[in-house]
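Subject: A structure for you to look at

Hello,

Here is the structure I promised to pass on. Please open it beside this email and follow along as you read.

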Amino acid sequence: MTGSKIPLILDDVLSPLALKRVGIDTYRENVAYLHRDCDLYRAEGFQALSKVEIRANGQRILASLNVVDDAAIVDCHQLGLSEDAFASLGVEEGHPVSVSQAEPPASIPALHRKLAGERLSRDDFRDIIRDIADLRYSKIELTAFVVACDRGELDREEVFYLSDAMGRVGRRLDWHEQPVVDKHCIGGIPGNRTSMLLVPIVAAHGLLCPKTSSRAITSPSGTADTMEVLANVDLPFGELGDIVRTHRGCLAWGGTSQLSPADDVLISVERPLSIDSPGQMVASILSKKVAAGSTHLLLDIPVGPHAKVRSMPEARQLRKLFEFVAGRMGLTLDVVITDGSQPVGRGIGPVMEARDVMHVLTNHPAAPMDLRLKALRLAGRMLEFDPDVRGGDGFGIARDILDSGRALEKMQAIIAAQGGKPFDPDAPPLAPHAFEVLAPEEGVVIGIDNLKLARIARLAGAPKAAGAGVDLLARIGDRVEAGQPLYRVHAAYRNELAFAHQASERGSGFSLGQADQVTRLNVEF
């Protein structure tokens, strides 16, 4: 009798691989590493950059595969995971793991239709966003979706479908009261830390304002970076909820909240490509606000020659799109178009921005008046979300809350609840190395390039070095003498100081001219 062959099952032949933590930051992408001579790699026919499914101890994640030849990274009996993937899987190093080919995302046909220029349905967007949030898309597929939406200019119904789909995936909060207020600025203006003033003002009035903010990605500081100078911002979600209920507000990092998680994945592709189309911007902002339980949103759209939005017609068009989508999502929206021709406040960088905020809250003589006035105007608009506040009365109420010290008292309570840190705004811990950029001639400051100043501040080390950045000493409309300092740059290390100095020599970011060349934007405050 001839022996019959029994089919072999790979799992019976191949031993599970041992998990290894590979210390590589892959920025919101799960990456796995297999050695080229690994038996599993050859048997499964894996290809580099393909999606694999990794299972261990009842947990499962998807990851993009990288193939290595260096046994120092992973050997033939190990599976390596990047920092993000290791944290997501949640098991210890050395734990046995199994790896298999991942099923292709079910929404890929819809992606192909979008690439062909077709209009997608509500269900199409829901399927795509669900797969993106589950990390089923590779970076190549994510890039294809982002570019297709940017190139194809989503119509306003599609922007709503995208916003709604993003808001429905992940955690959705319900604070069981109304109104729940929030404020968002579309960005692009350095030093614009009005949120850190609005939250204590509106919370002192009694409105609920659970403010979760981002860290800087391409800017010298985000709200979370600046608040981190004063208190902890990376808080467990349950603790954050207790703080909000007790103090009526918070100022925390939203990176662990799982609110609209697909947005975080898409941003990881949009930012390197410098893609920020109107449709994707609207979806990103509104999906997170609705998921966070906000019922009323104040939106700040700065306009200026070196802002994200360059003209009033462009700002008004963007406002209409925001208003349409917000209305469809049941969110009450008030859009304010503001002056984005120059930075707001004196400081650009976490420590200097925290100094400016605390000077405004303490009614200090050195408080930057532009930051104070803009914060009061925005806070006034937010207070008018309260049905008991008549239209036009908000500014006066906000000013009384700030001048009386009630806003400072509320901010101090929030800081203490979030784990306050020592900080003296009159002696802030600035980075030790510095240089000044001087006016080359006498004249009037007629323009300030936000992008150049932001880049100089980042080259100086902000926000990673909290005390680094740019301290402004002149503003648009100021007359300066030849040799007078325009701004001072602080850096933690000499090499970063040198990088910032080289950038300032290529272009200071300041334009000088005559007084009649100063143009003022007719914004809608």
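First, some ground rules. This is a predicted model, in which local features need pLDDT of at least 70, side-chain atom pairs count only at pLDDT 80 or more, and totals for chains, interfaces and linings use all residues. Residues are numbered from 1 along each chain as its sequence is written, and side-chain values use heavy atoms, leaving out hydrogens and water. Helices (H or I, at least four residues) and strands (E, at least two) are DSSP runs, numbered from the N terminus.

**Helix α17**

Let's begin with α17, which covers residues 406-417 and has 12 residues. From its first C-alpha to its last it reaches 17 Å, close to the 16 Å expected at 1.5 Å a residue (the expected span is 1.5 Å times one less than the number of residues).

Which residues of α17 are buried? They are Ala 407, Leu 408, Lys 410, Met 411, Ile 414 and Ile 415. They lie on the same side of α17 because they cover an arc of only 160° around the axis, the arc being that of the directions from the helix axis to the C-beta atoms. Here buried means under 20% relative accessible area, exposed over 50%, and partly exposed in between, with a 1.4 Å probe and protein chains only. As background, an α-helix has 3.6 residues a turn, so residues three or four places apart point the same way.

The face turned away from the buried side of α17 carries the exposed residues Glu 409 and Ala 416. The buried residues are covered by elements including α8 (195-205), α10 (237-247), β9 (249-253) and α16 (394-403), where contact means heavy atoms within 4.5 Å. Just after α17, Gly 419 takes a positive phi of about 85°.

**Backbone details**

Most residues other than glycine have a negative phi, and most peptide bonds are trans.

- Gln 178 and Pro 179 are joined by a cis peptide bond, with omega about -5°; Pro 179 sits in the loop between α7 (156-168) and β7 (181-185).
- Ala 462 to Pro 463 is also a cis peptide bond, with omega near 5°; Pro 463 is in the loop between α18 (450-459) and β15 (469-472).
- Leu 135 has a positive phi near 60° and lies in the loop between α5 (122-133) and α6 (139-152). Leu 135 is partly exposed, at 22% relative accessible area.
- Arg 248 has a positive phi near 70° and is in the loop between α10 and β9.

Best wishes
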